[in-house]
Amino acid sequence: MSAQFLQFLLAGVTIGAIYALVALGFSIIYNASHVINFAQGEFVMIGGMATVSLAGAGLPLPLAIAAAVLLAAAIGLALERFAVEPARGASVVTLIIITIGASILLRGLATLVWDKNIHPLKAFSGEAPLRIGGATLVPQSLWVIGITLVIVLLLGWFFGRTLLGKALLATSHNRLAAQLVGINVRHVLLASFGLSAALGAVAGILVAPITFTSWDIGVMLGLKGFAAAILGGMGSGPGAVLGGLVLGIAEAMGAGYVSSAYKDAIAFIGILAVLVFLPSGLLGKRSTDRV
Amino acid sequence: MAWKSALTALLVLWLGAAQAQEPIRIGSFLAMTGGAAFLGDPEQKTLELYVEKLNAAGGLLGRKLQLVSYDSAGDAEKARTFAKRLIEQDKVDVIVGGSTTGETMAVVPLVEQAGVPFISLAGAVVIIEPVKKWVFKTPHTDRMACEKVFVDMKARGATRVGLISGAGGFDKSMRAECLKVAKGQGVEIIADETYGAADTDMTTQLTKIRQNPQVQAVLNAGFGQGPAIVTKNYRQIGMTLPLYQSHGVASKEFIKLAGDAAEGVRLPAAALLVSDKLADSDPQKIVVAQYTREYQTRYKSDVSTFGGHAYDGLMLAVEAIRKAGSTDRARVRDALESLKGYVGTGGIVNLSPTDHMGLDLSAFRMLEIRKGDWTLVK
């Protein structure tokens with residue numbers, strides 16, 4: 001394996017892990033409500049911006065991170081309670097439009113509460129690059145990949161072993177049946193928004209040392225995370241991770257071996273191709289319509 | 001009803017005075033809000049501050065100055081509407097404005113037709129090339145930035161250049177200009193990579209440039225967070241070739257974002273950015289130091305080159321009106337076109353019928369980042 005190939009691969013994996021984290025957030029809310037939450041990118045932004053401003057105010061980094069994740073989760077809960085919940089009878093499309101409105105509102109608020117500047121965040125464990133067989137990797141990438149893995153495992157445990165997790169899964173499979181066996185689907189929806197907001201915030205904090213953070217960082221990361229979620233199969237946890245990694249690596253290889261000008265185009269053409277042949281994504285449930 | 005007649009008398013007096021002392025109207029449309037607010041905001045503040053200062057010093061030709069400005073929010077369509085209003089309704093004597101190239105170009109046909117002197121504050125070379133009768137501009141062009149960088153590269157013995165640029169309007173325009181002027185400057189661009197507007201990792205593109213053993217120096221034509229990421233990635237993959245950035249990131253913000261990785265990066269910038277580091281003998285020293293002091297005293301924030309462009313625009317208009325001895329639009333335009341040796345924040349301006357910007361390469365200073373601060377490259 002040439003050093004060049006390895007460098008492209010490492011770049012792809014780093015970006016891919018970021019996309020995967022954002023994609024996971026999409027999947028959780030989708031599972032609970034079939035809503036695609038287009039404000040997911042904004043939770044990424046809130047995580048990063050809140051950490052930067054709290055750390056800037058003198059809070060130790062771990063504390064600032066915890067506070068930022070809690071803040072994002074609280075905003076996620078508020079979004080569900082005050083915007084999605086009142087419209088619960090409405091169609092899924094209406095709910096999606098509500099989340100688009102919320103994302104615009106959150107971006108606007110961020111420019112007022114914080115500012116329109118781009119902010120750096122100190123890397124968790126230094127900036128000295130690690131050398132791997134002629135290629136290099138910044139330590140922060142290991143944080144991103146490592147935490148993504150931990151979160152995937154935690155989510156697996158949560159959905160497989162805890163009552164709330166099982167309730168969430170049950171709701172995703174059949175809302176009415178879940179309600180009939182005594183699951184409070186409203187609480188499940190609330191929990192899913194809080195959880196995915198916290199997840200988005202974690203993603204935003206982890207990537208801030210690599211990508212910087214600003215009021216509008218959520219737009220593009222949200223879009224790429226959405227693409228990764230679709231690619232992997234909307235609603236599937238492992239699918240989100242796989243989708244993120246495939247998207248990231250496709251972008252890096254496309255830029256490296258074909259042309260950097262068509263990097264995004266290559267990635268999105270790949271997604272289109274996957275969707276044509278596997279409409280439910282790489283690991284999505286094969287849905288069959290009953291008539 | 002004594003107060004009513006008193007008020008009427010006051011009004012009549014005031015109107016009479018106004019008629020005798022018709023102010024000189026400076027029209028402006030700027031991107032005070034929106035995505036380009038970082039341009040329009042300091043520009044508007046600068047115009048307000050100096051119109052006030054000029055009036056306090058007795059005005060111009062014995063008349064007061066009046067600033068009429070509108071917020072175009074960076075929107076070319078709004079800029080057109082406001083320019084129309086400035087010309088037809090407000091009957092301004094000269095227009096100083098247009099934060100972005102888009103706004104400026106939308107207004108050009110209007111001012112050309114109405115015959116109003118227009119000093120644009122936007123960057124692109126298309127504004128003054130080909131020369132338009134009524135249109136002038138104060139900022140440096142991206143072509144000059146390319147030339148300045150190439151001259152410095154050659155001085156360091158580098159003639160084969162790797163170019164990496166973003167997908168934004170600024171980036172694209174500068175990339176095109178650099179490709180155009182490279183040959184004339186005796187350098188060859190042998191790698192040409194691009195990245196997306198919201199990309200978060202450029203190690204791939206930089207690795208490709210590194211794979212080319214011919215490359216002797218790298219230039220990043222970019223704007224926003226992209227160049228800071230490029231700089232960090234550049235150090236990450238251990239590249240040691242000289243790295244150049246553009247005037248698009250000539251602010252302390254860039255050093256803050258790129259951190260230690262910015263060490264040794266060179267970029268062209270206006271003298272205003274390093275007003276405290278200029279030699280006392282520098283012809284621009286007095287004007288940039290004074291503008292910096294006055295702006296900071298008033299607004300308690302750092303000066304930017306954009307505010308400087310507005311300062312130059314206003315002062316050029318004032319000089320031209322003074323030289324013309326009237327506000328007759330045609331005479332002001334002729335006076336403007338013949339202004340020589342005006343020392344502004346952007347450089348020494350020598351306008352002529354063939355050059356409506358009037359700056360040469362000496363307007364740019366080559367800076368190197370050392371220990372988190374700018375230093376002048378001799």
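A residue is buried if 20 or more other C-beta atoms lie within 10 Å of its own, exposed if 12 or fewer, and partly exposed in between, with C-beta atoms placed from the backbone. The model is predicted: local features need pLDDT of at least 70, side-chain atom pairs count only at pLDDT 80 or more, and totals for chains, interfaces and linings use all residues. Residues are numbered from 1 along each chain as its sequence is written, and chains are lettered from A and ligands numbered from 1 in the order in which they are written.

View 1. Helices (H or I, at least four residues) and strands (E, at least two) are DSSP runs, numbered from the N terminus. Beyond the neighbours within four places in sequence, Asn212(B) is in contact with Gly162(B), Ile190(B) and Ala191(B). Contact here means that the C-beta atoms of two residues, placed from the backbone, lie within 7 Å. Gly97(B) is 115 residues from Asn212(B) along the chain, and their C-alpha atoms are separated by 44 Å.

**View 2. The contact between chain A and chain B.** Chain B puts 23 residues into the contact and chain A puts in 25 residues. On the chain B side, β7 (188-194), α7 (203-211), α8 (226-236) and α9 (252-258) each supply at least two residues. The most come from α7(B), with six residues. By class, this side of chain B has six nonpolar, twelve polar and five charged residues. Ala, Val, Leu, Ile, Met, Phe, Trp, Tyr, Cys and Pro count as nonpolar, Asp, Glu, Lys and Arg as charged, and the others, Gly among them, as polar.

**View 3. Helix α6 (residues 163-173) of chain A.** Four residues of α6(A) are named as buried: Ala167(A), Leu168(A), Thr171(A) and Ser172(A). Seen down the axis of α6(A), the buried residues fall within an arc of 135°, so they line one face of the helix. The arc is that of the directions from the helix axis to the C-beta atoms. An α-helix has 3.6 residues a turn, so residues three or four places apart point the same way. Leu163(A) and His173(A), on the other side of α6(A), are exposed. The buried residues of α6(A) pack against α1 (3-33), α5 (139-161), α7 (175-180) and α8 (185-211) of chain A.

View 4. Val35(A) sits in the loop between α1 and α2 (40-56) of chain A. Leaving aside neighbours within four places in sequence, Val35(A) is in contact with Ile29(A), Tyr30(A), Val92(A), Leu95(A), Ile96(A) and Thr99(A). Val93(A) is 58 residues from Val35(A) along the chain, yet their C-alpha atoms are separated by 7.8 Å.

**View 5. An open, parallel sheet in chain B.** Five strands of chain B follow the order β2-β1-β3-β4-β5. Two strands pair if DSSP finds at least two bridges between them. The edges are β2 (65-71) and β5 (135-137) of chain B, each with a single partner strand, so one side of each is left without a neighbour in the sheet. From one strand to the next, the twist averages 25°. Axes are lines fitted to C-alpha atoms, for helices over the stretch in contact, and angles run from 0 to 180 degrees between N-to-C directions.

**View 6. Strands β3 and β4 of chain B, with helices on the sheet.** Three bridges join β3 (residues 94-97) to β4 (residues 118-120) of chain B. Val96(B) has Ile119(B) as its bridge partner in β4(B). Helix α4 (residues 101-114) of chain B packs on the sheet and touches β1, β3, β4 and β5 of chain B. The direction of α4(B) makes about 170° with that of β4(B). Helix α2 (residues 37-56) of chain B lies across β1 (24-30), β2 and β3 of chain B, at about 165° to β2(B).

**View 7. Strand β10 (residues 266-270) of chain B.** Five of the five residues of β10(B) are buried. Arg266(B), Pro268(B) and Ala270(B) lie on one side, and Leu267(B) and Ala269(B) on the other. Five bridges join β10(B) to β13 (residues 364-370) of chain B, and the two strands run antiparallel. In β13(B), Met366(B) is the bridge partner of Pro268(B).
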